[in-house]
Amino acid sequence: VCARMPLLVNLTLAAIVAWILSDHWLPLGPEKGPIRNYLFVAVLIGGLLFIVFLFLRIYTTLLGWCLRNRPLFLGVILAIVITGMTIWLGFDKTFGWLPVQVRTLRPVAAVSHKFPGLGKEFMPPLDEGSFLFMPTTMPHASIGEALDIVSKQDMALTQIPEVESAVGKIGRADTPLDPAPISMIETVINYRAQYLADQQGHRLNFTFDPEETDYYRSAAGDPQPAPDGEPYIVQGKFLRDDQANLIPDDNGVPFRLWRPALDPALNPDREAWAGIQKPDDIWNAILDAAEIPGATSAPRLQPIAARIVMLQSGMRAPMGIKVKGPDLETIEKVGLQLEQYLREVPSIEPAAVFADRIVGKPYLEIHIDRQAIARYGIMLEEVQNVIEVAVGGMIIGHTIEGRERYPFRVRYMRELRDTIESLDKILVPGPDKLQIPLSQLATIEYTRGPQAIKSEDTFLVGYVLFDKKPNYAEVDVIENAQAYLDSKIAAGEFELPAGISYTFAGNYENQIRAAKRLSVVLPLALFIIFLILYLQFRAVSTTALVFSGIIVAWSGGFLLIWLYAQPWFLDFAIFGTNMRDLFQVHPINLSVAVWVGFLALFGIASDDGVIMATYLDQTFARNNPSTIEEIRAATIEAGQRRVRPCLMTIATTILALIPILTSTGRGSDIMVPMAIPTFGGMLIVIVSIFLVPVLYASIQEWKLKFAAPTV
């Protein structure tokens with residue numbers, strides 16, 4: 001009993017830690033209850049500890065096999081590294097040096113299709129808890145029409161149960177930093193949190209009966225509709241008091257504010273519906289509700305991200321094309337052609353493509369007839385003053401309200417200046433107290449002109465905005481669009497007029513700048529790690545074999561990123577929860593967040609190699625083996641003494657990263673891509689506890705073989 005007491009204490013502590021972790025983590029979701037979450041966490045931790053225990057038992061046998069079958073083992077490691085490089089760069093870039101005949105073989109072609117290379121983007125989109133919906137109207141739309149569209153869209157958006165508020169704006173604020181025309185609509189949409197929570201953001205639990213069925217209701221008790229507008233039945237019922245309020249219960253279930261899925265078994269004669277499971281579903285509901293004739297669609301934007309993009313590029317979209325040229329009419333013509341071609345690119349959302357309608361705003365122009373006013377003996381300035389006062393209004397004073405000053409102006413009543421016929425009747429005073437109608441002194445007409453004039457680098461500029469489809473990377477979308485436009489130019493279907501040029505802009509530019517900086521930062525970090533290892537071992541050979549663990553871990557990171565893009569990966573359920581949903585399995589693009597995760601991996605992956613190589617040096621210095629058998633025996637001895645700390649380093653890192661991989665809410669959009677390469681690298685870096693001893697023994701055997709014979 002005394003011998004087993006430490007084991008029993010450790011198991012007890014592990015069970016307590018698992019309970020505390022499951023209570024705070026709730027990996028399966030709060031709806032599953034504490035027992036199922038605890039069982040899941042206990043099995044996860046227990047399974048990992050069992051694998052570590054089993055690995056300790058068979059490590060010596062496996063290491064001996066690797067030493068005896070060194071070429072086969074190193075071949076497997078080389079295959080892992082080549083696979084990781086192929087996933088990163090794609091088959092064509094990795095094996096582009098091979099002859100064409102080799103690269104066109106059927107097995108090689110299959111591998112090329114399997115590993116096309118990863119997409120690239122600047123940063124994963126953050127969840128800000130709100131959307132910025134920015135459609136546009138045509139430039140000739142009046143203020144009244146724009147206001148009508150905004151009010152109708154706001155009413156439609158607020159009918160979405162998940163939307164808390166929707167506030168639209170047209171026109172520009174009283175600042176030169178927001179030169180928005182009347183045709184641009186900005187609607188800030190705040191959506192509700194997924195669960196009902198208190199002011200501190202903690203989820204609240206309420207009494208729940210899972211056996212009954214009921215209409216799905218809001219927190220206020222009102223039945224909530226499905227997309228067809230009718231309420232639907234769900235399994236389970238929240239109990240309420242006499243005032244129809246939810247009953248708080250610490251052992252209950254949190255109330256979900258987002259609509260759940262529609263189960264056809266409970267709702268016969270109705271189509272299945274996945275419900276609102278993520279913010280993207282809310283955005284799709286917003287697009288459907290806000291579809292109004294006279295207004296375009298809008299790219300997926302959020303307030304903070306949109307402001308950053310607008311300050312950087314001037315565009316109200318994450319991606320777009322800037323068309324520069326000498327005159328606005330030609331720029332608009334080219335922009336409309338680009339709009340047509342971009343809608344044909346498979347990776348671009350057609351509804352989000354929109355080219356600026358630059359020339360099309362109606363302007364009322366008054367052309368004063370100088371000969372006519374000369375016949376009447378009226379000065380040009382007098383006619384201009386009358387027009388200014390009658391139409392535009394003239395400030396004649398200010399009203400003082402405390403520290404605030406408000407100007408007030410005088411002009412004709414609206415009904416006397418809202419049509420050309422009314423303006424013709426404006427009287428201009430002449431000599432001898434004559435009152436001459438403006439129609440006898442000027443001609444009034446409507447003309448088309450620009451609604452806004454933008455310029456960059458001394459050129460006039462117009463924008464063509466677009467957005468990508470889901471599961472596409474920004475850089476890939478830009479490259480596909482550029483290649484498609486180049487093909488149209490080469491075929492003669494798209495001709496750029498003289499003096500016109502276009503460039504892609506938006507987050508794509510940020511990614512280009514980030515890629516240039518990372519091309520310096522990553523090699524520099526690897527060099528610093530190599531230098532630190534060299535200062536520890538004072539031998540290039542030992543440093544290189546420790547550094548090999550970083551290369552293997554790097555490949556493991558790319559292998560997990562590739563697995564996240566496969567539809568079959570983790571496609572199974574535990575306690576009714578699909579693991580793909582739990583671990584948020586979806587295609588991961590290479591971004592700054594992913595490369596930061598690789599930087600963290602580079603630092604962690606060398607730990608096991610350092611531990612193993614340090615004790616190998618000590619063991620060989622103490623035993624001084626002189627034969628191949630003694631070298632392998634010393635290698636196995638050193639590996640057996642240091643495998644436990646190496647495995648604990650790997651296990652603790654993996655356990656620490658699992659909650660991050662399942663995290664949701666603010667910040668998880670960045671943390672998950674950062675954790676994936678580190679997690680994948682630590683899963684595969686376990687081979688370093690074999691690789692380092694095998695390479696170390698190989699170096700010692702090579703030295704023994706080529707050592708000078710002694711007399």
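These legends describe close-up views of a predicted model.

**View 1. An open sheet of 3 strands.** The strand order is E1-E3-E2, and the pairing is antiparallel. Strand E1 (130–133) and strand E2 (163–170) form the edges. Each of these edge strands pairs on one side only. From one strand to the next, the twist averages 15 degrees. Strands of a sheet pair through backbone hydrogen bonds, either parallel or antiparallel.

**View 2. The pairing of E2 with E3.** Strand E3 covers residues 185–191. E2 and E3 run antiparallel, joined by 7 bridges. Ile-170 stands opposite Ile-185, a residue of E3.

**View 3. Helix H7 on the sheet.** Helix H7 spans residues 143–158. It lies across E1, E2 and E3. Its direction runs at about 170 degrees to E2.

**View 4. Helix H8 on the sheet.** Helix H8, made of residues 279–289, also packs on the sheet. The strands that helix H8 touches are E1 and E3. The direction of H8 makes about 30 degrees with that of E1.

**View 5. The surroundings of Thr-577.** Thr-577 sits in strand E20, which consists of residues 577–578. Its relative accessible area is 11%, under the 20% cut-off, so Thr-577 counts as buried. Neighbours within four places in sequence are set aside here. Beyond them, Thr-577 is in contact with Leu-28, Lys-32, Phe-572 and Leu-582.

Methods:
Residues numbered from 1 in each chain as written. Predicted model: local features only at pLDDT ≥ 70, side-chain atom pairs only at ≥ 80, totals over all residues. Heavy atoms only, no water. Pairing = 2+ DSSP bridges. Helix = DSSP H or I, 4+ residues; strand = E, 2+ residues; numbered from the N terminus. Axes fitted to C-alpha atoms, helices over the stretch in contact; angles between N-to-C directions. Contact = heavy atoms within 4.5 Å. Buried < 20%, exposed > 50% of the residue type's maximum accessible area, 1.4 Å probe, protein only.
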